[in-house]
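Take a look at the model below. We will go through it contact by contact.

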Amino acid sequence: MATIESIQNAYIDYVLTEGGQPKSVYIFAKQNEMTEAEFYQFYGSFDAIEQAIWADFARKTLAEIKGQEVWLQYSAREKALSFFYGFFELLKSSRSFAIYTINKQPRGFTTPRVFEPLKDIYENFADEILKEGIESTELSDRKFFSKRYKDALWIQFVFVLNFWVNDNSAGFEKTDEAIEKGVNVTFDLFQRSPIDNLFEYGKFLVKNGGMKDKMGF
């Protein structure tokens, strides 16, 4: 009897062996001793399988890292690092499939369709930890800009993913280094800085220092 896992495994094996998707659902189903109707109970297309596999990478990573005893003690930065390290560790066992799907995506500034469900899961996670970071004052709550923090984290994720695809170092240690440096730099930008202090001081002077009328505000 067909299951989500059996269909995914059969699909991965096929595309890596044949170098592309099956010509039809009928052929794929017949080769794997199921009917078309059984296939469509789980997926509407081969592209949907690929989307689900990438989304499952994120779900499995979150289940793993959130199940750790130390999770609730982590800062927002540590939770982001934990996700990155966990995700790319999991991806090692499916590197050939990951590279296959990434290489066939059109190049551009929009998110490839295969990553859309993954991005939704990732951004929900990012929203969660960023909100925690702002509430704890670990991160600076900047008007207008705070809402864009998750976009910066997604850009960082895409950068590391592309870096990993081209990483030839043993154990992908260069990717681990890219994660550490990239996530830390990104969170450094999210934290309160002297610029924030200067901005707050300027607002204080405008409101309380008699500068409002002088400056024409």
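**Salt bridges and their surroundings**

K92 is partly exposed, because its relative accessible area is 29%, and the cut-off for buried is under 20%. This is a predicted model. K92 has a charged partner: E89 forms a salt bridge with K92. The closest N and O atoms of the two are 3.0 Å apart. E89 also counts as partly exposed, at 49% relative accessibility. Exposed would require over 50%.

How many salt bridges does the structure hold? It holds eight. Two more of them are worth a visit.

Start in helix α4, residues 46–66. Here the side chains of R59 and D56 meet in a salt bridge, with 2.9 Å from N to O. Both residues lie in helix α4. They are three residues apart, which is about one turn of the helix. R59 is partly exposed, with a relative accessible area of 46%.

Helix α4 also holds E50. Its side chain meets that of K104 in a salt bridge, at 3.2 Å from N to O. This pair links distant parts of the chain. K104 sits in the loop between α6 and α7, and the two residues are 54 apart. K104 counts as partly exposed, because its relative accessibility is 35%.

Q105 counts as buried, because its relative accessibility is 12% and the limit is 20%. What lies 2.8 Å from a polar atom of the Q105 side chain? It is the backbone oxygen of T101.

Now step into helix α6, the place of I99. At 22% relative accessibility, I99 counts as partly exposed. I99 and V165 are 66 residues apart along the chain. Their C-alpha atoms, however, are separated by 6.4 Å.

Finish at helix α9, residues 173–190. Which residues form a negative surface patch? They are E173, D176, E177 and E180. D176 is found in helix α9. D176 counts as partly exposed, because its relative accessibility is 33%.

Definitions and conventions:
Residues numbered from 1 in each chain as written. Predicted model: local features only at pLDDT ≥ 70, side-chain atom pairs only at ≥ 80, totals over all residues. Heavy atoms only, no water. Patch = residues over 30% accessible without salt bridge, like charges linked within 9 Å, V, L, I, M, F, W, Y side chains within 5 Å. Areas by Shrake-Rupley, 256 points an atom, 1.4 Å probe, with all protein chains shown as cover. Salt bridge = Lys/Arg side-chain N within 4 Å of Asp/Glu carboxyl O. Lys, Arg positive; Asp, Glu negative; His and termini not counted. Charge placed at Lys NZ, Arg CZ, Asp CG, Glu CD. Helix = DSSP H or I, 4+ residues; strand = E, 2+ residues; numbered from the N terminus. Buried < 20%, exposed > 50% of the residue type's maximum accessible area, 1.4 Å probe, protein only. Polar contact = N/O pair within 3.5 Å; in protein donor to acceptor, adjacent residues only side chain to side chain.
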